[in-house]
Amino acid sequence: MVPLENYLVLSAVMFSLGVYGVLARRNAVLILMSVELMLNAVSINFVAFAAYLDPDKVLGAIFAVFIITVAAAEVGLALAIVIRLFRNRATSNVDEAASMKW
Amino acid sequence: MGAEEAWLLAAIPAGVFLVLALFGRALPRGGDYLGVAAILSSFLLFLIVLVDFLDTPGKLGPVVNDIEWSSIGESFDLRMGIYVDPITIVMFAVVTTVALMVNIFSIGYMKGEPRYYWFFAVLQLFVASMLLLVMADNLLLVYISWELVGVCSFLLIGFYWEKRSATEAAKKAFITTRIGDVGLLIGIIMLWKATGTFNIQEIIHHVEEGAVGQNYLFAAVAFVFLGCMGKSAQVPFHVWLPDAMEGPTPVSALIHAATMVVAGVYLTARLLPLFEVADGALLMVTIVGLTTALLTGFMALAQTDIKKVLAYSTVGQLGFMFVALGAGHPAVAMFHLMTHAFFKALLFLGSGSVIHATHHNQEMDKLGGLWKKMPITGTTFFIGSLALAGLPPLAGFWSKDEIFVVLNDKWGVWAVAILAFAAVMTAFYTTRLFIRTFMGTPRDKDVHEHTQESALVMTGPLMFLAVLAAVSGFVVFHGVGKALGFPGGITEFIFLPHHGPHRYHFDLAWATASVVMGATGLLLAGWMYWGNSIKRSTQLAEAQPGLYDLIRNKFYFDELYQAGIDRGMLGFSYVVSWFDRYVVNDTGVDGSAQVTGFSGGVLKYLQTGRLPNYAMAVAVGVVALAVIGLVVRG
Amino acid sequence: MRDYTIFIPEYIAAGSAVGIIGIELFWPKFRKDWLAYITAIAALGWLVSGLFFIGKDPNSFQGLIRSDDFTTYFRLLAASIVIVVALMSATHMRTRTKTVAEYYGLLLVAGCGMVYMAAATELLTAYIALELLSFSLYILVGYLKRDNLSSEASLKYILLGAFSSAMFLYGMSLIYGVTGTTYYEGIAEGLTARGSGTDPAVIVGMMLILAGVGFKVSAAPFHMWAPDAYEGAPLPITAFLSTASKAAGFALILRLFTGALIVDAAEWRWAVAVLAAVTMTLGNLVAIQQSNLKRLVAYSSIGQVGYMLITIAAIGYGDAKVGQDASSALLLHIAGYVLATLALFAALTAAYNRTGREDIPGLRGLAETQPFLALVITIALFSFAGLPPFAGFATKLFMFQGATTDELLWLVGLAVLNSFISLYYYLMIIRQMYLFDPVGDISRWKVSPVLWCLAAVLMVGVLFIGVYPGPAFELTERAAQPLFEAAGLGSFQVQQP
Amino acid sequence: MTFDEGQGYVVLATIAVPLLAALVLVFTPGQQKMLVRYISAVTGAIVAGLSIYIFAAYQLDGSDAQMRLQWVWVENTAFLGKDGITLNLAVDGISALMALLTGIVAFAGALASWKLDFRNKDFYILYWTLLAGVYGTFFSYDLFFFFFFYELAVMPLYLLIGVWGSTRKEYGAAKLTLMLVGGSVLIWIGIFAVFHEANLGTFDMEQLWAAGRDGTLSPTFQKVFFPFMVVGCGVLAALWPFHTWSPDGHMAAPTAVSMVHAGVLMKLGAFGIIRLGIQMMPAGAEFWMPTLMVLGVIGAVYGATAALTQRDFKLISGYSSVSHMGYVLMGLATMNQIGVTGAVLQMFSHGVMTALVFLMIGALYDQAHTRDLKDFGGITKVMPLWVIFYSIAGLANVGLPGFSGFTAEFHIFVGTFRSYPVFGALAIFAAALAAAYMLRLFAIVFFGPFDVRWSDLKDLTPLERLSGGMLIASIVIMGVWWAPFTDRVGQTVTLLPGVTG
C-alpha cells in the first residue's frame, strides 16, 4: 500500500503549485484554475486522511465531495464575474483591474 | 471701647472705601466729606485707644485680641487678631494724623480732577490697610495688609493713567516691591516652618528660646528684610520711589513719605528680636541703611524736580531709621519715623501747595522767589526744611541726634562718619531746595505771575503739620512724656521687653556735632545757591563731569535694571516662548501627529490595488505565522 | 433524534428569499422598493421566530449544528442587520439597477449563512456556511453590473476569497489528519489525547485556519480585499460587509477556537495577539489618509477588528472564566459596533442619495443642510472612537477590561492608543460637517422617512447601550455561556463574589 | 426616604438638570433664539442654586462622603461582581467646592453666551452636556461613571471650539480634543490595570481605594501605574510638558467655552489626580510625587515666563493657566494637608478668576475683534467697569491678598515649603512674575493715551455685570474669609491616604 506520506507530499506540492499560480498569474481565469488546484490538493488530503486514519473512512470523503461541489459553484460564479469585467473593460488581466487602490 | 477694639480703626475707612468705590460717583462732591469723616473718626478712635492704653493697669502691656480664622485638620491652625503695643500706638498716631491732614489737604488739591471720588476711595482703603498692617498680630495678616497698601500705592501712583509715565511708574513700584515681597513671603513661611506659627510674639518667643538654628534664622530674617527693603525703598530697591512721585502730591506725602514706605522700618522694628538673635542680621540692616543714606544723599544733590529731591531725601531718611534699627534701638527708629512722618508730610504737602499754585510746575529751574507770593506755604516749608536738616529745636534734630548716639554705641565711629556725611548732604540739598524754590527772584515770570497762596483747606494742614514738625521732637523728654501720660519719654515708651527701657539723655557733644553737620550743609548750600545763582554749582559740575554725570544719572541704577529686564527677563521669556512654540508644540505635539499621519501615508501604499499583491500578502502572512510558530516557538 | 425545528427561522428566511425572487420573476413590474419592505418583513418574521429560542435548552443537530443562546444571539443579529440593510436599500437600489429581487433574496440567504457560521460545530458545516455567506456577498458586492468599480471589487473579492478558503480548507484537512474527526468536540478530544508537544501539522493547520477566518474578518495582512470591496460595493452592502460579515467571522472564530482549538491555545494565542496588534495599527494609521468615506470606514473597521481580536487572544491566554467574560464582552461590543455602523450607513446612504458623493468633503456643511444626519454620523463616529455616552465607550471598556490579563495588558494599551488615533480621522469627518459651510445649495433638505426612522432608532440604540449597558450585557453573557459548556470543558458557574 | 437620600437626589439633579436642558433644547426649534436663551439662563440658575446648596449643606462633622445616592447599574454580569457598576454619587469636601465652582461658572458662562446668535441652540446643547459631564465626574464614586463623565465633558469641546471659536479654531479645537483624549488613553490603561489587579469585580471607587491602601494593589503595581493615571489626568490639568493645548485651545475657544474650560474642566484633571492617584495609589503617590513636584514647578515658572511677552490676551491667560495649574500640581505633590488643601483652593480660585478673565476678554473681543494688546490703550476711558472687573481678576491672578488667589497660593506655598523649601521659593518667585505679566497687560491696555478708534466701545452689559459680579463675589469671599472653604476641603484632605499632617 502506498504510504500516507506520498499522498501528503503530492497534496502539498499541488497546493504550493496552486499558490504559486495565484501569485504569479495575471489572467483571472488562470488564477481561478490555480485556486482549483489548491482545492484539489485539499481534497486529496481529506480522502487520504480518511482512508488511513479515520475509522469510519467517511468524513473525509464527504468533505471532498462537498469541496468539489462548492468549487464548481465558485468557478461558475467567478467566471460570470470575470466575463462581466471583460465586458466592461475588455480585459481579464487582474493587474488592469486596479482602479481602486490606496 | 478699649484698645481691644482697635480693629475699628481700620474697619471704618474700609467700609467707607466700599461706599465710595461703589457709589462715590453718584455722591455730591464725590463723597470727600465721607473720607474725611472716616479718617477723623479713626483719628478720634486712636485717641481713645491711646487713652485706654495709657490707663491700662499693668503698665503698658500689649493688648491682644484674636479669633480663630481657619484650620486644616490638626496641622494648620490659623488665628487672626490684633496686637496693640507702643510701637503700634506710635504708628497709629503717625498714620491717622498724617492721613487726616492729607485728606483735608486733598480736598483743595484734587479739586476738579477727574475721578475725584476714586482718589478718596483708594485713600480710605490705604488708611485701612496701613492701620491693619501696624496692628496685625501675625505675619500673615502683616503680609496681607502689606500687599494691600502696595496695591493702593499702585493705584494712586497710576492715578493719572492717561500719562504713560505715571502708568510705568506705578508698574515699576508694584513690581519692584513685589520682588521684595517674594522675599518677605519666603521669610514668613520659613519662620512658620521653624516655629509652626505666624503669630509674631510666639515666633519671637520660640526664637529666643533657641528653637531655630542660626543659619536658618539668618536666612529667614534676611528674606523678611528683603521685603522691608523693597517696601522702604532701600538700595538697591530704591528705584521705584522717585518715580512714584508721578502720583498726586498728597499721595506722595501720605504714602510715599510718611506711612507706607516706613512699613519696612516698622516690620523690622517689630521683628528686631529676631534680628538680634540672628548673627549678622543687625550688621546687614546697618549696612543697608548706611548705603542707602549715602547713595541717595548723592542722588538728591543733582535733582531739579522738587518732589524728586524730597523722594530721595525720604529714602535717605529711611536709611537713617534702618541704621537706628541696626544699632538695636527700635525706639529710636520709631521716634525718627514719627518726626520724619510729620516734617516730610509737611514738605510734600508744601510742595503740593506750590505745585498746585503754579499749575503743576515742579521744576526748580522755573520757580524761585515764591515766599512772598505764598507766605504760609513758604514759612511752613521753611520749618519743615530745617527739621529735615536736623537743626534744633525742631523735631528732626532730636531724633537724628539719637541715631548718632546709638550708632556710635553699637558700631563705632566709622559708621557715624558715613552717616554724618549723609546728614551733611541732607542739609545741603534741603537748603538748596528751599532756596531755589522760595528765595531769590522768579526765573519764570509767567509762572510766577499766576501764582497765589493756596486756600485754607490746604494751608491749614500745613500749619498743623508745621507745628508738629516743630514740637513733636519734645516727646523724647521725660517731662513732656509724663505730662502726656508716658513718663520717660517716647524712647522709654517704646522698648523691647528684654532690653529694658532706654531713657533719653541730652548729650551736648553729640548735639553740637549734629548741629555742625546741619549747619555745614546749610551754609554750603547757601554759599552755592544764594542769590539766584547757580554759577558755583555749574562750575563744580564742570570740574568733575564724570562724577556729576554719575550722580545726575543716579548711579545708573535704572539703566542697569532696564537692561537686566530687557535682556534678561524678557529675553528669557522670548526663549521660553520660542521653546514652547517650536520645540514643545510644533515638534513634540504636532510632530507626533505628523509622524502618525505620515506613517499612515506610507503604509497606505501597501494597498496597490493589484490582486496578486493582495494574494501575496495573504501568503506571506500565513508563511510568516507558520514559521514563527514552528521555528521561534518550536 | 433529528429535531428540524431548530431550522424554522432559517426556513422562513430562505423561503422568503425564494418567494421574493419568484415575485419579480413572475411579476417584473412589481415595485422595487416594495420588495425591500417585503424583505424587511420577512426578516422581521425571522427575527420573531428567533426570539422563541431565547433561553431554550441547547439542542444539537447530529453534532453538526448547535442551537443554543449563542446561535440565537447571532440569529437575532443577522435578522436585524438584514432588516436594516433591506430598508436602507429600498431607496438606494431603486434607481441603480433594473432587477433587485436577487439582491434581497441573497441578503436573506447571506443572513442564513451567518447564522450557521455561528451554529456550526463541525468543520464541513462551518465551511459550507461560510461559503454560503461569501458567495452571496460576492454577488452582492458586484451587484451594480454597469459599475466598473463594483465589478472590480467583486472580482478581487471572489478570487481572494477562493484563495483564502482554499487555505482554510487545507488547514482543516491537516487538523482532520491529526485528530481524525471534523467535529469540534472530537477535535478538542483528539488534541487533548495527542498530549503535549508541538506538532508541526497542528501549527501549520491552525495558522492556515487563522488565515481563513482572518480573511473573513479582514485581519491584517489578510485584509487587503476589504477596502476595495467596500469601495466598490453598493452602500448598503458595504454596511452589510462591515457588520454581518465581520460578526459572522467572529461567531465562527468563537465557536471554533473555544470549541475545538482551545486545548492547544498556546499554539495560536500569540499569533492572534500579533494579528490583533498589526491589524489595529495598520487599519487606523492608513485610515488617516483616506478621502473616500467607504474606504475610510473599511480601514476603521479593520481597526475595530484588531480590538476584537484581543478578546480572542485573551480567551487563549486566560482560563475559562476569562474566556467567558471576554467573549461576553466581545459579543456586546459587536452589538454596539453593529448598531453604530448601521446608523452611520443609514445616514451616509441618505446623504449619498442626495449628493451622490462618497468622499469626505461631500459631507461638507451637512450640519447646516441636514443637522439630523450630521448628528447621527457624529454619534456613530464618536461611538467608534469610544466616547461616552455612546455604545462604543461602554462596550469597548468592557471588552478591553474583559481581555485584560497580565500577558495582554500591552495589547490593550496599544488598542486604546489606536482608538485615540482613530479619533483623529473621525474628527476630520465631523470637521467637514460642522466647521465648514455647505457649498452650493444651502437650503435644508428632507431625508426619506424610512431612512430617518432607521437612523433615529439606531441612534437611540447606540445611546441606550452606551448609557445603560446592563441588559445588553446580561444578554450577551448568556449568549456566550454555551461556548464554554459545549467545549466539553464542563460547565462552570460564573463566580459571584 | 431619609434626609441624606433626599440630598442624594439633589446631587443627581446637578447632572440631570443640565442633561434635561440639553434634551429640551434638542426639541426646541432653532429659530426661537430667545427661548433657547431663557431655557439656558434658567438652567444655569437652577444649577448654580443646587451647587450652592450642596456646598452649604455639606456637613462639617468629620465624615467624608455625604449626600449619597446609589443605584445599581450593572452587576453580577461577566467579570462584574456585586456592585460591579453603580451610579454611586456622593459629595466630599473637595467635590463640594468643585461643585460650587461649576455652578457659578456654568451660570456665568450661560449668561455670557447670551449675545451668541449663530446656532445658539446647538451651542447650548453641547454646553449643558459638557457641564453634566463635569458634575458627574465630580460626584461619581464609581470608576466607570467617573471616566464616563470625564470623557463626556471632553467630547463636546471639539464642536464647541471648532464651530463657535475664533483664531485658528480648527487647529486649536483638534489639538485640544486630541491631546485631552490622548491623555485619557493613559487613564483607560490605568483603569484596566487597576480593575484587573484589584480583582474585586467592581468599579466602586471606595473599594478600589481600600484595595490601594491595604496593598491589594501592590506597591510595585502602584508605582508602575500611578504615572498613567496622573499623566493622563495631568494633560487636562496642563501638566508640563503636556500643556500646549492650553494656549492654542483657549485662543480658539469662544468666551463661554473658555470660561468653562479653563474654569472648570482643567480642574477635572487635578481632581482626577486626587481621585485616581492619591486616593487609589498611595504608595505610587509617595514614590512619584517628587517628580510631579518638579513638573509642577517647571509649569508654574515656565507658564509665567512665557506669558511675560505674549501679545494676545488669551495667550497670556492660556500661559497663566499653565502657571497656575502648576501650582495646583505642586500643592498636590506636597502630600501634606496644607499643600493639598491649597491645591484644591487654587482649583477653585483659578476657576473663578480665569472665568472672569475670559468673560472680560470676550466682552472686549466681541466689539473690538482683535485681541492684540498693542492695539489697545487707555481703555479705561470708555470701559471703566470692564477695567475694574479685569483688574480684580488680574490681581487675583497675581495672588494679591483679599482675593482668592492669595488664599490658595498661600496655602500651597506653605505646604510646599514644608516639604520642598527650594521649590516653594521658586513658586513664590513665579508669583512675582505673574505680577509682571499682569501689570504689563494693565499698563498697555487699560492705561496710557486713549486711542480714538475705540471710542465706540461699550462698557459691560447688565448680563455681563451679573455674571462677572458673581465671579467677583466668589473671588472676594474666598480671599477674605476662607474658613468655609478650608473647613470643607480640609475635612476630606485630612482623610486622604498618605497625606501627612
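A salt bridge, as the term is used in this talk, is a side-chain nitrogen of Lys or Arg within 4 Å of a carboxyl oxygen of Asp or Glu. One such pair joins B:Arg178 and B:Glu147, whose closest N and O atoms are 2.9 Å apart. Before I return to that pair, some conventions.

The model is predicted: local features need pLDDT of at least 70, side-chain atom pairs count only at pLDDT 80 or more, and totals for chains, interfaces and linings use all residues. Residues are numbered from 1 along each chain as its sequence is written, chains are lettered from A and ligands numbered from 1 in the order in which they are written, and side-chain values use heavy atoms, with hydrogens and water left out.

I begin with chain B. Its C-alpha trace spans about 115 × 65 × 60 Å along the principal axes. Chain B contains 27 helices and 2 strands; these are DSSP runs numbered from the N terminus, with helices being H or I of at least four residues and strands being E of at least two. Of its 634 residues, 61% count as buried. Here buried means under 20% relative accessible area, exposed means over 50%, and partly exposed lies in between, with a 1.4 Å probe and protein chains only.

How much of the contacts in chain B with a separation of 6 or more comes from residues 24 or more positions apart? The share is 79%, where a contact means heavy atoms within 4.5 Å. Chain B exposes about 22200 Å², and carbon and sulfur atoms supply 67% of that area; accessible areas come from the Shrake-Rupley method with a 1.4 Å probe, and for residues only the protein chains shown count as cover.

Let us now come back to the opening pair. B:Arg178 lies in helix 6 (residues 164-195) of chain B and B:Glu147 in helix 5 (residues 139-157), 31 residues apart. Both B:Arg178 and B:Glu147 are buried.

B:Arg79 forms a salt bridge with B:Glu68, the closest N and O atoms being 3.9 Å apart. Here the partners come from strands: B:Arg79 from strand 2 (residues 76-84) and B:Glu68 from strand 1 (residues 63-72), 11 residues apart. Are these two residues buried or partly exposed? B:Arg79 counts as partly exposed at 39% relative accessibility, and B:Glu68 counts as partly exposed at 42%.

I turn to the interfaces. Which of the 5 pairs of chains that touch has the most contacts? That pair is chains B and D. Chain B contributes 48 residues to the contact and chain D contributes 62 residues. The size of an interface is often given as the accessible area lost when the parts come together. Buried area in this sense is the accessible area (1.4 Å probe) that two parts lose on being put together, summed over both. For chain B and chain D the value is about 4600 Å², with 74% of it on carbon and sulfur atoms. On the chain B side, B:Trp69, B:Ile72 and B:Trp161 supply 14% of the area buried against chain D, more than any other three residues. The rule finds 1 salt bridge across this interface: B:Arg581 with D:Asp248, at 3.1 Å between the closest N and O atoms.

Chain A also meets chain B. The contact takes 13 residues from chain A and 12 residues from chain B, and about 950 Å² is buried between the two chains, 68% of it from carbon and sulfur atoms. A:Leu23, A:Asp95 and A:Trp102 lose the most area in chain A, together 58% of what that side buries. A:Asp95 also forms a salt bridge with B:Arg610, with the closest N and O atoms 3.2 Å apart. By contrast, no contact joins chain A and chain D, whose closest C-alpha atoms lie 25 Å apart.

Two places within chain D complete the survey. D:Arg488 is found in helix 19 (residues 483-493) and is buried, with a relative accessible area of 9%. Leaving aside neighbours within four places in sequence, D:Arg488 is in contact with D:Phe55, D:Ala56, D:Tyr58, D:Leu60 and D:Gly93.

The other place is a salt bridge between the side chains of D:Lys115 and D:Asp366 (3.2 Å, N to O). D:Lys115 lies in the loop between helix 3 (93-112) and helix 4 (120-139) and D:Asp366 in helix 14 (residues 337-368), so the pair ties together parts that are 251 residues apart in sequence. Over all chains, the structure holds 43 salt bridges.
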